[in-house]
Amino acid sequence: MRKNTAISFSLVTIFLLFSNILLSSTNFSEAETTVEKTYTPFDSYYSTEGGQNHPSIPSYNAKGTDLIRLIPSAGVYEDDWAARMHLPSAREISNTACEDGNQTIYDERGLSDYNWIWGQFISHDLDFTLTQNGRVDGTPETLNIPIPPMDKWMDPFSVGSLQIPMTRSMYNQSTGDESTPREFQNSITGWLDGSLVYGSSSFDSDWLREGTLGRMKVTNTSIGEFLPKAADGEEAPKVSFVGFSASERFVAGDARANEHAALTAMHVLFLREHNRIASEVYQENPDFSDEQIYQIARKINTAQIQYITYFEYLPSLGVNLPQYSGFDPSVDPRISNEFSALAFRMGHSQINDISIRLGFDYLSEEYRPILLSDGFWDPSSMIQEGGLEPILRGAAMSNQAANDIFAVSSLRNSMFGEPGFGGLDMCAIDIQRGRDHGLPNYNQLREYFGLETASNWSDVSLDPKVINIMSSIYPNLDDADPIMGLYAETHIEGSSLGQTMHSLIEEQFTRLRNGDIFYFENDDELIPHMSSIKDSTLSSIILRNTNINQIQCNSMFAVSHTDEMSCYSSEFSEPYVESFLKVGDEDYQPPYINSMTKKTVLINFKQLDNGTIPIHYWSPYGPTIAVGDCNNDGFEDVWVGSSFDPEGWESDSDSLVSTGQTFLLQNDGTGEFQDITLESGLKFTNSTYLGASWADYDNDGDLDIYLSNSGYHDFETNFSYPNKLFSNDGDCNFTDVTADTGLGNIGHSSTSAWADYDHDGDLDLHSINGGQISENYGVAIIESDLFYKNLLSETGVATFIDYTKEAGEIYSSVFKPLENESISVNGPFSWTPASASNPSANALLWQLYEENDEAYEQGTSISWASLFIDLDDDGYEDLFVATDFGRSVFYKNLGDGTFVLNTFETNLSEFGTAMGLDAGDVDGDGDVDICQTNFGPNYIYKQLENNTYMEASAESGLNIGKSAESVSWDCNIIDIDLDGDLDLWFGSGNINPFASFSPNSIYLNNGDGIFGEAILNGDLINPISKTMGASWSDFDLDGDLDLIVGDSNFGVTYYENDASQRAGAEWIAVDISEPYGGGNISLISVGAKVDFELSNGKTIRQIVKIGSGFSGSKDTTLHLGVPTGESIESITVIWNDGTEAYIFQPETNQYMEIDKSKQYDVKPLGEQNPDEMETLPVVILLILLSLFIHKIVLDLKRK
């Protein structure tokens, strides 16, 4: 049963409370027991990288050496040396055996959470077997875990082909051939040497040091020292998991320090302890060098870690080693594969689903508990919510879970993410990792340790439930995965472990201790400090490095109230600042949107070609949507892109053959659409056209169409999927003019954007490439983008030249094409699969960034969207490019025909998995904000007064709701509910079997740029739908924006919006145009800015743009509703040459065309633009001066 955590208020407690009120010292103080020390420099200590620490065999436990095997590999060459691949899926075993039914069984001996925390802490000091992802040339191997259909957590809709991703471990490349099983390398030192604090490489160790007084770097905060952070762009030690950059998370000697708040707390604790010792050494010996002080503090701190491990942690488990008799050079101290992949994963069974956090005097009400699934990879919140102390107090009073076959739901379904959204299963992964490493079966382990082999599960466990479960999974005990057998064992007397697990841990730590010449009890240099080291229990180190004033003396066992705590700090300090108030999900009330109704299915994929086209659930790209009026009848027509499986992941055939096709649907004016694909000349079957943009490239007054061809992702370099430009005759009949115009981008293209960037009167083109991506293997070949300059104004003929280099090398990539190349092709590069609370910031092309420092500002060149936007109001369209698996890139237009890199200067620099972009003024302050879709919480960049941006998704409400847990592609900033502010649309859908639930979402604006997710029509949030493309437009011209959605699993559906039909609804829609060719031709004024000034003081800015969202054109007509009880005071249009039009109090509920050549109202003086306002004082002064002179002249005449 769970221990009672009731708090008793003793006299000691009251004394502590009043002491904190009365005393104001905030200095960390040592525990009551102190020993006078005399420090002298040490002559010997562990080498940083682990080598040369053994007198006979210098390579023992050195970084990069192989783990040893106690038992030969059980792997099979035909399975690439994996073992037991004939057994059921590890997830199926987990569902049967590891599911705890939310009924946690607690450790029967009362072990506290400090036990599993310390176990994880020191395991990170001993071994780290890296996975291949991002660390090998070419494609990393995977051993993905099939998810059973109807898995209630990970496949609730019975897709049937979903998987848990798992990349195989890196192995020694001299092994793994037909005769030699794979052997796996330890990427850190294998000694208990404090490397998790100090690093396992010279670079890491040097970076972590402050360089003065023997200290290590820290982050100083108002509540104490924390782990250091790296500056942007600074080369720093690596930080796990899934692409965290060092500038975003704490840096420590081990890359995994940020994994969970409790683990981070341990790292901070021993960082502080090092600096405490260093300070003490310096105070006594100010003449010592930095190196001398550092090595003294390092050696003593490491000895304390060893003492806690051997004299507190292991005995608390019931593991009592044979008496120590000194260093034995014949003992092999290396870490075994069995220990690494089995014994020290036992902590996964011991973790509770909830970590309680307690305030001063262990009051539980002060801080909210942390659900385990919420605590992964979010260490920064520790500083905001009270620091280390709440976590460490909670661990003291929490009984850890028992070491058994069961695992809590957070570890089994939500590790590093929500189920179906990056959430992993640690139980299944532990099983699969044992298979990956070729570990022996359970009975072979028993036999190795001299135990009887088991014939029945009743020989292993006395628990009938466990016996039944294990018998159903492994009827033949010789097939049993070893970790499940270890978990199933009945615990031996006086221990929290079963026989085999106990033996495995005892064997490893005995060898590690006896074969280590620097083990603290063997080190003569530590004799003067031995008493102090042995007084340094974990409790005493907590007391002297935190503001905790009271704790139980043996921290490894939980207590239920403060009367059981008899270790105290000798001084008391101020309580920490209170945590920031946060709005939890339970306080959130979603708005409803009742105006969207499903009108018709425009294309039903299941009925195409008599139902012969296969439906792929998660692998396809497309279909995308591009809207444009191809016959100038005033009604928006719809181009639909292909839906195709680019890498053949879900296809039966070995060859890559697309079953996708394109469509052109003509709007007949009633909201009904006719399929005119064939007669238009735009029908392409077996097609890989992903994106399209409608643009009048030749200034003839009709919209032409440019198609972006993604091609197959077969990792071949023969580029046979060129983009195409089709010229419109004005009546929706199209002719291929690609060769004549020079626009055949040969890359694997995603989309395009158009703008007259040089203001010469014609539209230039940004054609971007997504490259080749293998979701199956987690690798990408990247391709640079192309920028085409239109020569229409110079030559009279619309032809294009590649102007990417001349325009400022706007390749969206660190790589540039070679001579005679149009695009640069590089890779493959691996990425790390994202799964965390914010995956969008965490999935990076690590190989690209590690090998190219310039990539941090240049973009990854996996380009999905580009957006022309005049950020600084200088009249010239700048360029923002959404690049995946890293940082997107921003180019400032200098106005001279060139761009300059400006990503950091604008602060549009968040790491993400950018896929879609749009721009509009969401907070009504008269400037333009930007939305960016990601895997995970989407971004909203809000523009500040100094022409820079702030990523504000969390404070704007976007981290609550389904889009925060989705793979989002399309975004659109539009007024959906006609209330006078711009809302957000996100089209979403998974693209691999590792994510199962990515619904579309609408976030309604409250008028101030704060959003709430709306409750949608059920069809729009179908759990197995996948939307990459969508477009909002007033297809029936009733004043509100309707929606057409492309769904790779179902087809294309039209949803009608009736927001304009509600009583009192007011709206306005404007088209911005300009004359061409003597006024006979009307062109869309691409790049024009339109400011809607409302009577409530808000000014809503929108932009006329071609190219936004994901891989398709949006409507160039601008719509805005009117807030209830308010009015539109004016509309101001600013063309990109500075020409303005001002319309005072326009009538609502109408479509307006505002033409650059026509005259409109005169703007009142108080509303002149800043340039005009600068001339006003001069004008007024001249008028006054002329009046004064006139008066003088009149006076003279009178005289």
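Start by selecting strand β28, residues 889-893: five of its five residues are buried, so the strand is largely enclosed by the rest of the structure. Here, buried means under 20% relative accessible area, with exposed over 50% and partly exposed in between (1.4 Å probe, protein chains only). Strands (E, at least two residues) and helices (H or I, at least four) are DSSP runs, numbered from the N terminus.

Before moving on, note that this is a predicted model, in which local features need pLDDT of at least 70 and side-chain atom pairs count only at pLDDT 80 or more, while totals for chains, interfaces and linings use all residues. Residues are numbered from 1 along each chain as its sequence is written, and side-chain values use heavy atoms, leaving out hydrogens and water.

**Around β28**

Show the side chains of β28. Val889, Tyr891 and Asn893 point one way, and Phe890 and Lys892 point the other way. In a regular strand, side chains alternate between the two faces of the sheet.

Two strands pair if DSSP finds at least two bridges between them. Look for Leu879, whose bridge partner in β28 is Tyr891. Next, select β29, residues 899-901, which also pairs with β28 in the antiparallel sense over three bridges. Asn893 stands opposite Phe899 of β29. Five residues lie between the strands of this hairpin, and Gly895 takes a positive phi near 85°.

**Two helices side by side**

Jump to α7 (290-317) and α18 (499-514), which pack at an angle of about 170° with their axes 13 Å apart. Axes are lines fitted to C-alpha atoms, for helices over the stretch in contact, and angles run from 0 to 180 degrees between N-to-C directions. The two helices are therefore roughly antiparallel, a label for angles over 145 degrees. Thr309, Tyr310 and Leu314 of α7 meet Ile505, Phe509, Leu512 and Arg513 of α18 in this contact, where contact means heavy atoms within 4.5 Å.

**Helix α16**

Select residues 464-473 next. The buried residues of α16 are Val466, Ile467, Ile469, Met470 and Ile473, and they pack against α2 (90-98) and α17 (482-488). At the N-terminal end, Asp463 caps the helix, with a side-chain oxygen 2.9 Å from the backbone nitrogen of Lys465.

**Zooming out**

Finally, show the whole chain, with its 27 helices and 49 strands. Of its 1199 residues, 64% count as buried.

Note on methods:
Polar contact = N/O pair within 3.5 Å; in protein donor to acceptor, adjacent residues only side chain to side chain. Parallel < 35°, antiparallel > 145°, perpendicular 65-115°, else oblique.
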